[in-house]
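Dear colleague,

Please find below the structure that I am handing over to you. My notes on it follow directly after.

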Amino acid sequence: MIIVMKNGATEEEVSEVMSKIEEMGYKAHLITGVEKKIIGAVGDEREKAQLESLISMPGVENTIPILKPYKLSSLQAREEKTVIKVGDVEIGGKHMFMVAGPCSVESEEQIFQAAAAVKEGGAHVLRGGAFKPRTSPYSFQGMGEGGLKLLKKVSEALNIPVQTEIMNPEDIDLVAEYVDILQVGARNTQNFPLLKKLGTVGKPVFLKRGLSTTIEELLMCAEYILSEGNQQVILCERGIRTFETATRNTLDISSIPVLQQETHLPVVVDPCHATGNWKYVIPLCKAAVAAGADGLMVEVHPNPQEALSDGPQSLKPENFHKLMAELEPYIKLAGRTL
Ligand code: PEP
Ligand code: MN
């Protein structure tokens, strides 16, 4: 932490700040400039948050942290990217990870049709919500445990891993019994009791960015899971809320290189929830691959016009196949394989 003293701060004020820093367990180094004095407080400030409180001492103008607050998710902490294995699938590393499937599990017929279509197209994991976080309590809320059972059934029948959203910490054991990857939705990104409990589970967590979560906040959310012991966290950029109304949210494409620079965790992009419109999904998938994403998540429904949730942003099976074919050269150019 750097403590910047005000112009004209007295000797006494400077020495009081320095004593306080030493009292807190850091080493204090004074640098005297032409106009200003600054004090460097040396020590791992991430474990001792009190240094910021020095701002209220007489003569102090500002306190500036040097280290990032995220320790375990930081790329500096590991220096190599995390690769998460789900069955034969590798998430992170050289592979382009593809998750696809309907927004919600609606019936046995629907999920089997969707699974067959996405598997044929080359998806590695089937998605499908059983517990749905709907904006309105009157909208379809998902099939609950019945949906989980269908996911397990289709997973075994077609030999494809499955991913579903978890909303309630109390449901974790139940959901973990049925699926391979546990998804935290945008409305629960900062649900800290949920994240902490997911940190004790031995399955990968697919953590979506919240509608108004900064990149740093997203990484701090990942930190909640990692610090409880679960190292298998996949981050997902799914669009943030801005003033723009032409799309459901705004895909923050710049979060991809930022995250790739800041963290060793895999970064997946979801253009369906970002735009709300299937027509924008293929171009944005290409953009995400070009920007360095480790994977993509897309909603695919056998009959989007009849979907109980997110139909307008869901690809028909033939459009998913088109996406996969068109993505190939982009994936190659990015130095990855499917
Ligand atoms: C979903 O993946 O279907 C979903 C609800 O996404 P989000 O949490 O990003 O809105
Ligand atoms: Mn959805």
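A cavity, as the word is used here, is a set of grid points where a 1.4 Å probe fits but cannot get out, and its volume is the space filled by probe spheres set on those points. Please note that the model is a predicted one.

By this rule there is one cavity of 30 Å³ or more, and the space in the largest cavity comes to about 30 Å³. Its lining is made up of R127, G128, G129, K132, Q163, T164, E165 and Q183. Strand β9 (residues 162-165) provides the largest share of this lining, with three residues. Five of the lining residues are polar, three are charged and none is nonpolar.

At the level of the whole chain, two domains are assigned: domain 1 (2-64) and domain 2 (84-333). Their C-alpha centres are 45 Å apart.

The manganese ion (ligand 2) has four coordinating atoms listed by residue as C103 (SG), H273 (NE2), E299 (OE) and D310 (OD), at 2.0 to 2.4 Å. The spacing of these donor residues in sequence is C-x169-H-x25-E-x10-D. C103, in the loop between β7 (97-101) and α3 (108-121), and H273, in helix α9 (residues 271-275), are 170 residues apart, and the pair thus links distant parts of the chain. C103 and H273 are both buried.

The structure contains 15 salt bridges, and I describe some of them here.

- E23 pairs with K20, with 3.5 Å between the closest N and O atoms. Both residues belong to helix α1 (residues 11-23) and are three residues apart, about one turn of the helix. E23 counts as exposed because its relative accessibility is 62%, whereas K20, at 32%, is partly exposed.
- K152 pairs with E156, the closest N and O atoms lying 3.9 Å apart. Helix α4 (residues 145-158) holds both, four residues apart, about one turn of the helix. K152 is partly exposed at 31%, and E156 is exposed at 58%.
- R336 pairs with D294, with the closest N and O atoms 3.0 Å apart. This pair links distant parts of the chain, 42 residues apart: R336 is in the segment after α11 (317-333), and D294 is in the loop between α10 (281-291) and β14 (295-299). Buried means under 20% relative accessible area, so R336, at 14%, is buried, and D294, at 4%, is buried as well.

Finally, R209, E237 and D252 are joined into one network by salt bridges that share partners.

With kind regards

Conventions
Residues are numbered from 1 along each chain as its sequence is written. Chains are lettered from A and ligands numbered from 1 in the order in which they are written. This is a predicted model: local features need pLDDT of at least 70, side-chain atom pairs count only at pLDDT 80 or more; totals for chains, interfaces and linings use all residues. Side-chain values use heavy atoms; hydrogens and water are left out. Donors are N, O and S atoms within 2.8 Å of the metal (3.2 Å for Na, K and Ca); water is not among the atoms, so sites may look incomplete. Helices (H or I, at least four residues) and strands (E, at least two) are DSSP runs, numbered from the N terminus. Buried means under 20% relative accessible area, exposed over 50%, partly exposed in between (1.4 Å probe, protein chains only). Domain bounds come from an automatic or database domain assignment. On a 1 Å grid over the protein atoms alone, a cavity is a set of points where a 1.4 Å probe fits but cannot get out, and a pocket is an open set with protein on both sides within 12 Å along at least five of seven lines; lining residues have an atom within 4 Å of a point. Ala, Val, Leu, Ile, Met, Phe, Trp, Tyr, Cys and Pro count as nonpolar, Asp, Glu, Lys and Arg as charged, and the others, Gly among them, as polar. A salt bridge is a side-chain nitrogen of Lys or Arg within 4 Å of a carboxyl oxygen of Asp or Glu.
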